Structures are given as C-alpha cells and as structure tokens.
Amino acid sequence: MKVLPFLSLSPRLPRLSTALLGATVLELVVLTGHLAAYPFGLTQERVPQQRVPQERAPQQRVPQERRAPGPPTGPPTLPGSPTPDRPVVLLHGFIDNRSVFLLLRRALARHGRRHLASLNYSPLTRDLRTAAELLGRHVEEICARTGQREVDIVGHSLGGLIARYYVQRLGGDRRVRTLVTLGTPHGGTAVAPGAGLHPIVRQMRGGSPLIEELRLPAPGCQTRFVSFWSELDQVMVPVGTACVDHPDLDAVNVRVTGIGHLALPVHPAVAAAVREALESQESQESQEALETREGTAPSTGTSSVA
C-alpha cells in the first residue's frame, strides 16, 4: 500500500473549522445540483448500437483485384499488453443513480474515452454481494459488446465497495485492470446509526461479516486500486476508512483536502486526478510491454504527484 498526499483543493487555512465550513457549503451546493439532475438518471443507460458501415455506391468502389494488400490496421496486440481503448464503468453510491457521474463522464469523454458505461443498481437491493454479482454480468456484457477483455471501474462510496467485492471475492480481477474508489468505506464506516435498518448499510459497518470478508487473503489479485479519500468526508467515520489497507492488494491511497463526500465525483480537480490515474496505468503498461518486446528488463519504482 502506498499513500500519496498530493491532491489539495484548497489553500492552507488557519483553522480546520473554517475548512469544514467551506466544504459544508460546497456539499450543499453539490446536493442541490444533484437533486435537480437526479430524475434524469433514474433509468438505465441506453446501450449504444454498433454502427454498421454503409456500403459505398458502386461507382466509388475499388475493384477487389486492384486493392493492394496492406499491413493490419491498429497497433499490434501483445499478450498482456494494455487495451488501447479500455471501457470505463461508473458505479454510484447508496440511494443514488448514474446522474452523479455526469461531469466526470464528460471529462473522460473529452479526453478520448469512447466506451463509458454508467450503471444503476436498484435501491431495493438488500445484499452487497448480489449487487456485485450483477456488476459482474454487466462487465461481461460490456466486454462482449466492445470487444475488449478488460475494463476500468470508478466507484463512488458504496459503488466502490461493490466493485471491490466483485474484484476481490468473485474473480473480477481478471476483468478489471484499475479500480478507482471515491470516498468508499473499505474498512467500514460508523456514520448514521439510524440508517442501519437497511441491510446494505449494516454491511458497510466496521466489523461486519462483509467487511471482515474483504480482510481475508487475496493472493494474486491482479487489479490495481486507487482510493481517493478526504479528511473532510463526514460520511467516512473515521476518515481513514476510505483507504485501502490490505497486504495482498496493489493500492495507492490519494488524500484530497478541502471537499467533502458528495463533491468527490463532481469536483474538476478530482476528475482530472481520476483521469491521470487511469492514463498513468496505461502508460506504465505500454512501457512494460515495449520493454518486454524489446527484451529489456521492465522498469520499476513508484511515482508521486506534488
């Protein structure tokens, strides 16, 4: 596990109470905007239809015998090489829907991500394991539809915990290259005792059977974890519970300052950091694949952003 305290979204403030006040105001603004957008995300996202290229008019067609054979299009595919256009799956949090990712989705699309899927799971779901199984079926459908063998997942709050269970306990690491979590209670959270009437909320408690299950050994897990946590996240109690702390997992924990729980999936700086986390992994894999192809030893080490 590595900790990178690199994402600061506010200047140094003399008192934590002042920073907390600013974050609370921002949370209220985000909540207001999200309530306005919420109805538009209640339905499942439409699956894009594959566009079939239209046949050219007869007078424009090149005779078959005149076509010169050429090299195959696209970059060569090496065993274990990164997918050039890996789909990104966005998974929302508790009592929420895909509308929470409106801004993040646009940010990723502007930077060339063509395959983006924002999934909804039912608020009536009473078991996180069931939601993880459903996520697995969605991932298989996305891979089949796009022709890709792996995806990246970005999960907010409970969505990140569902994705982690899928990766760590249901064999999803063979499909998920990078899992980015935003304010996810990896170690369980003690917030809102009254909400414990809902079974999934009880599963998110520290010490619950599900949280303890995620502490079990996970040897050989292939997925890379990037967990964003905020010192002003009042939904994560304690705040450090949003960090991935597991000896078998390749995890980087990114500290965010100046914002709270609701702002994590909509803040432009967080969106940029998420995009960099996904792109840095692809860049690293590309370099390793190139070095392997050329017969040189892959480079190792860690990097940080200040």
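**How H3 meets H4**

At what angle do helix H3 and helix H4 pack, and how far apart are their axes? Helix H3 (residues 128-146) and helix H4 (residues 158-169) cross at about 75°, with axes 8 Å apart. (Axes are lines fitted to C-alpha atoms over the stretch in contact, with angles from 0 to 180 degrees between N-to-C directions; helices are DSSP runs, H or I, of at least four residues, and strands are E runs of at least two, numbered from the N terminus.) So H3 is roughly perpendicular to H4, a label for angles of 65 to 115 degrees.

**What we're looking at**

This is a predicted model: local features need pLDDT of at least 70, side-chain atom pairs count only at pLDDT 80 or more, and totals for chains, interfaces and linings use all residues. Numbering runs from 1 along each chain as its sequence is written, and side-chain values use heavy atoms, leaving out hydrogens and water.

**Salt bridges**

There are 13 salt bridges here, meaning a Lys or Arg side-chain nitrogen within 4 Å of an Asp or Glu carboxyl oxygen. One of them joins Arg-114 to Asp-85, at 2.9 Å from N to O. Arg-114 sits in the loop between helix H2 (102-110) and S3, and Asp-85 in the loop between helix H1 (16-37) and S2, so the pair links parts 29 residues apart in sequence. Arg-114 is exposed at 63% relative accessibility, while Asp-85 is buried at 11% (buried is under 20% relative accessible area, exposed over 50%, partly exposed in between, using a 1.4 Å probe and protein chains only).

Arg-86, Arg-113, Arg-149, Glu-150 and Asp-152 form a salt-bridge network.

Technical notes:
Parallel < 35°, antiparallel > 145°, perpendicular 65-115°, else oblique.
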